[in-house]
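Welcome, and thanks for taking a look at this one. Please keep the sequence and the 3D view side by side as you read.

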Amino acid sequence: MKPSQLLMTAASALLLTFPLCARKAPRAHAKSATLAQTPPMGWNSWNHFAGKIDAKTVREIADAMVSSGMKAAGYTYINIDDTWEAGRDAQGNIQANDKFPNMKALAAYVHKKGLKLGIYSSPGPQTCAKYEGSYQHEQQDADTYAKWGIDYLKYDYCSAGKTIGWVKQPMIDSYKKMADDLKATHRPIVFSLCQYGGFNVWQWGDSIGGNLWRTTGDINDTWNRMAHLGFDLQLGLDPYAGPGHWNDPDMLEIGNGHMTDTEYRTHMSLWAILAAPLLAGNDLRHMSKATMAVLENRDVIAVDQDALGREGYPIARYKDGQPLNVDVVTPLDRRSKEKVGGGDDQEVWIRPLAHNQVAVGLFNRSSEPAKISVEWKQFGMGGTLHARDLWAHKNLGAFKDGYSATVPGHGVVLLRVWK
Ligand code: GLA
């Protein structure tokens, strides 16, 4: 059967039924978090600029965050990634290098715009790009960040693999130490763990004080990598996300130029379904209208930022027009296969939202257009539901039993549905 002929039958729908109520409840979280009550939104320098980032560019990005409408759409954090560090002074205080002559003044500039400033370090002696890390200077660095007015820290394991070791408990301890040291500053600083999903970080990241944790290795600006991280490697992690503590499938590549607008819409939609942090990774100073329309889609952002704080999950998968059992491939199977691109053609994901609403993503991973259908009973809702198309920005009307759409190759139809 050609993908274009794909039509899910009622029988296969029944086979794949996976009601909302049968889902494992999200875990209660350990701290009374006030930070990151919804997934952090902002920008990070790494995906576009890598080492070519400096204070002047960061100021211009902050300007563009406001003038482009990104701030009004909810983006807040301006995060400096790797390569800002120099060495330490005689007292061991971390110094910024020549690219960042005055971090405190930079933070003040960013704050004046109503935005927040983030920074980056490592529990090891060196960062991934071989700049100074926080090893044995954790409290001193946390104090320096607080003094500068920093609001967010991404803490990247890297060289700690050689000093502390790629060993579970010492790794956990190194993250807990920085979390405690940040807390001791009494400045609210979002704490982002970056150790690529090692030792099931989602099981302990929250309890040691993390607000978000990377679940995978690095994203890049390709369909295969983005799709693999988003569709394959987040499976089974949804019970671990919630207000104050989020799974992080890595930063956005939208607008960096190597995917199509259709693929970027899929990237944005999937990250919203995943309750993922939305950290733009492009040059905000030079955005096309199409890029802005993707990043600033308020309907999709509202899904990402939904107050219920539940992460979404797939309810159906198809290969060659045939339904696959959604539970046959366990998250561990998927995670251990570093195979690019996944094996499915189409996937239907849902995310439970506040006020008994649901986001439904009809995702087409194949390169040909395909008809994808969903029946409301597949996620435990019956009868007639109203649907809004979140990319067309249009209420579609009321639909009895379900909805079908022809979805372009690598594309998505993203709906919000309600009774
Ligand atoms: C690692 C991280 C990236 C980025 C770079 C910087 O690869 O996963 O997100 O921070 O280091 O060197």
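## Around Gln-357

Not counting residues up to four places away in sequence, Gln-357 touches Arg-351, Pro-352, Arg-416, Val-417 and Trp-418, where contact means heavy atoms within 4.5 Å. The side chains of Gln-357 and Arg-416 are joined by a polar contact of 2.7 Å. A polar contact is a pair of N or O atoms within 3.5 Å; within protein, one must be able to donate a hydrogen and the other to accept it, and residues adjacent in sequence count only if both atoms are side-chain atoms.

Gln-357 sits in the loop between β13 (346-352) and β14. Helices (H or I, at least four residues) and strands (E, at least two) are DSSP runs, numbered from the N terminus. With 18% relative accessibility, Gln-357 counts as buried, since buried means under 20% relative accessible area, exposed over 50%, and partly exposed in between (1.4 Å probe, protein chains only).

## How to read the values

This is a predicted model, in which local features need pLDDT of at least 70, side-chain atom pairs count only at pLDDT 80 or more, and totals for chains, interfaces and linings use all residues. Residues are numbered from 1 along each chain as its sequence is written, and side-chain values use heavy atoms, with hydrogens and water left out.

## The protein as a whole

The protein has 419 residues, and 58% of them are buried. Its secondary structure consists of 13 helices and 19 strands. Take the contacts between residues at least 6 apart in sequence: 73% of these join residues at least 24 apart.

The accessible surface comes to about 16,000 Å², and carbon and sulfur atoms account for 53% of it. Accessible areas come from the Shrake-Rupley method with a 1.4 Å probe; for residues, only the protein chains shown count as cover.

In soluble globular proteins, nonpolar side chains tend to be buried together. Here the largest nonpolar core holds 86 residues, of which Tyr-75, Ile-78 and Trp-84 touch the most other members. Such a core is a set of buried Ala, Val, Leu, Ile, Met, Phe, Trp, Tyr and Cys residues joined through side-chain atoms within 4.5 Å. A second, separate core of 22 residues includes Tyr-313, Ile-315, Ile-350 and Leu-362.

Leaving aside neighbours within four places in sequence, Ile-78 has contacts that include Trp-43, Val-58, Ile-61, Met-65, Val-110 and Leu-115.

## The ligand and its shell

Which residues come nearest to the ligand? Of the 13 residues around the ligand, they are Asp-81, Asp-82, Lys-154, Asp-156 and Asp-218; a residue is near a molecule or strand if one of its heavy atoms lies within 4 Å of it. By class, the shell has seven nonpolar, no polar and six charged residues. Ala, Val, Leu, Ile, Met, Phe, Trp, Tyr, Cys and Pro count as nonpolar, Asp, Glu, Lys and Arg as charged, and the others, Gly among them, as polar.

A polar side-chain atom of Asp-81 lies 2.6 Å from a ligand oxygen atom. For Asp-218, a polar side-chain atom is likewise 2.6 Å from an oxygen atom of the ligand, while an N or O atom in the side chain of Arg-214 is 3.2 Å from a ligand oxygen. Taken alone the ligand exposes 310 Å², and the protein buries 92% of that.

Asp-250 is in contact with Arg-214 and Asp-218, and also with Gly-217, Ile-219, Leu-229 and Trp-271, leaving aside neighbours within four places in sequence. Asp-250 belongs to the loop between β9 (246-248) and α10 (261-273), and its relative accessible area of 3% makes it buried.

Arg-88 lies in strand β3 (residues 85-88). Its side chain makes a polar contact of 3.0 Å with the side chain of Glu-132 and reaches the backbone oxygen of Gly-92 at 2.9 Å.

Most residues other than glycine have a negative phi. Gln-136, however, has a positive phi near 65 degrees; Gln-136 is found in the loop between β5 (116-121) and α6 (138-148) and is exposed at 61% relative accessible area. His-393 also has a positive phi, near 55 degrees, and is partly exposed at 42%.
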